[in-house]
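Dear colleague,

Please read them alongside the coordinates.

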Amino acid sequence: MQSLQQAAQLGLRAFSTSAAAQAAPAVASKRGFLAQLFGGSGSRVQTPLTDALAGVEIPDAIPAPKDAPTTQLTKLSNGFTVASEATPGATATLGIYVDSGSVYETPYNTGASHLLEYMAFKTTKNRTHLRLVREVEAIGGNVLASASREQMAYNIDCTKATIPEALEVLADAVLNPKFQAWEVAEQIRKMEADLKNLADNPQTTLLEGLHSVAYTGGLGRPLIVPDGCLGGLNAEVLADFYAANYTAPRMVLAGAGVEHDELVRLAEPLLSAAPRSGSAAGEFPSQYVGGDWRQFAASPLTHAILAFEYQGGWRDVKGSVAMTVLQYLLGGGGSFSAGGPGKGMHSRLYTRVLNQYPWMHNCTALNSIYNNTGLVGVFASAESSQAADMVDVLCNEMQAVAKEVPAAELERAKAAAVSSVLMNLESRAVVAEDIGRQVLTYGHRKPVGEFVKEIQGLTAKDMSAAVNKLLKSAPSVAVLGDIAHVPRYDQVAKRFA
C-alpha cells in the first residue's frame, strides 16, 4: 500500500511538469504514450510495482510468538471462575457464562431463560438502560446475549484500553439486573411479536418439536417460550428464577485479548458480591426416549428432521469428535447454493441427494449436542408431493453412512473439521466463548491440539462403529407441512430395528 501511494505521488509531480515536457517535442516523441501523457523520463513507468522503490526502507516483520497463548484459570473465594487467554491484537472480548438454561425451568417459569436473553443489558440497580447504552457507545463497545438449553452467555467487545470500563458494565448488567415490571412487560410484547415470525423459520420450529418428543425431563422443555406460557411470565417470576440459578460457582468470566493477572485484579472486587448458593432444585434429569412430532402447515414444501441420540455428549470427547466429523461428512445445504470452498459441494448429501433429486430443496446434516447427550441427524425440505420419498431418502442416507465410508470422503471430512476449528479460533469472540463454555462443561479448557489429534486419528472403522451405535437408539421424527403423505412413525422406526 505504501509503494502504491508513493507511485501515485510521483505520477502527480510528473503531471505538474507536463507543460515543460511539451516544450521539447523532439524528446517527447521518443517516449512511450504514458510518458507523453504524464511527463518524466518514462523509465519509472516501465518499472513494475512489485519492485522495491528506491529510498524506501521496509521494516522487519514482527516475529511470531514461539508458543501459542495458553488459557489461565483462577477461582475466586466465592467460587466464581476467571479464565482468559492473552490473544494478540488491539481489541478484547469479555464474557460471563452461566450454567443456567431451559433445563432448569419448571412449568411455573417456562420461558424464563428466553426472557432473560431479551432482558440482557437493560436497567440495573446502578444504571438506567439509557445510561448503560450510552456508556457502551462511549467506549466503542458491542454487547450480545444468547440463551441455550444448558448455558447463558453475555458478551462485550471493546478495545484493550477500555477493558476496565467494559468489565464494569458487563458485571453490573449480569450481576445487578433490576427487573422492572414495565420493562419486563415491554420485552414480553417483543417476544410475542417475534414468535409470530417463527413460521418463517421451519428448522427452529422443528427443533423445538423434536426436543419435546425426543427427551423427557429438562431437555424436553421448550427453549423458545410457547404462546400459551407468555401470560405466566412477569418480573417476579423472572427475579425468582434468576436468584435461584445465577450463583458464583455456576459462573465463568472468560476473556480473550487480556492479561490474566490484570483481569483477575479488575474482576475480584466486581464479582465478589455474587452469591455462593441459590434455591435451585437442580437440573431435571433428561432421558432420551425418541418419538414423533407433526404439525400441519399449508405450504408447497414439507420440512422434516430425522435424528437419533448420541450418548455421551461433549463430555465424551472421542465420541463428540466423531459426531463433528460426521456432520462434515454428510454436509449438505440448499439446492441453490453457489458452491465453492467450504460450501460442502463434495459432501454426501450434495452428491447423493441434492444432485439426484430435483424436488429436494434442502438437505443438511445437523447436531444438537449437550453435556451428556445429543441429537444427530438430517434436516430436509422437499416439495410436499414428495414428502414420503423425502423421508425414505433420509432413512437411506443414515443407513448408508453406517457402512464403511470411503477413505477419500472421510479424509476430506476430517480436513474440513480441522480447518473449521482452527479458522473459528482465529476469531477473538469465538475464543472467549470457547473458554467460557468449556470451563462450564469440563472445569477447564482443553488445548485445541487435543481435539485436532482426535480428529486426525479417527478411522473409518471408528466412524462406522459410532454411527451404528447412533442408529441403535429409537429415531426421533419431526415434520412440518403436508403430514398426510409422511410415513407413520412405526414404519420409520421399523427400518432401524
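Searching the whole structure turns up two cavities of 30 Å³ or more, where a cavity is a set of points on a 1 Å grid over the protein atoms alone at which a 1.4 Å probe fits but cannot get out, and a volume is the space filled by probe spheres set on the points, which are joined across faces, edges and corners. This is a predicted model, in which local features need pLDDT of at least 70 and side-chain atom pairs count only at pLDDT 80 or more, while totals for chains, interfaces and linings use all residues. Residues are numbered from 1 along each chain as its sequence is written, and side-chain values use heavy atoms, with hydrogens and water left out.

The largest cavity has a volume of about 100 Å³ and is lined by 14 residues (those with an atom within 4 Å of a point), with Met 119, Ala 120, Ala 173, Pro 177 and Phe 179 nearest its centre. The second largest cavity, of about 40 Å³, is lined by Ala 304, Ile 305, Leu 306, Val 391, Leu 394, Val 477 and Val 479.

The largest pocket (an open set of points with protein on both sides within 12 Å along at least five of seven lines) has a volume of about 1,500 Å³. Of the 46 residues that line the largest pocket, Trp 314, Ile 369, Glu 433, Asp 434 and Arg 437 lie nearest its centre.

Best regards
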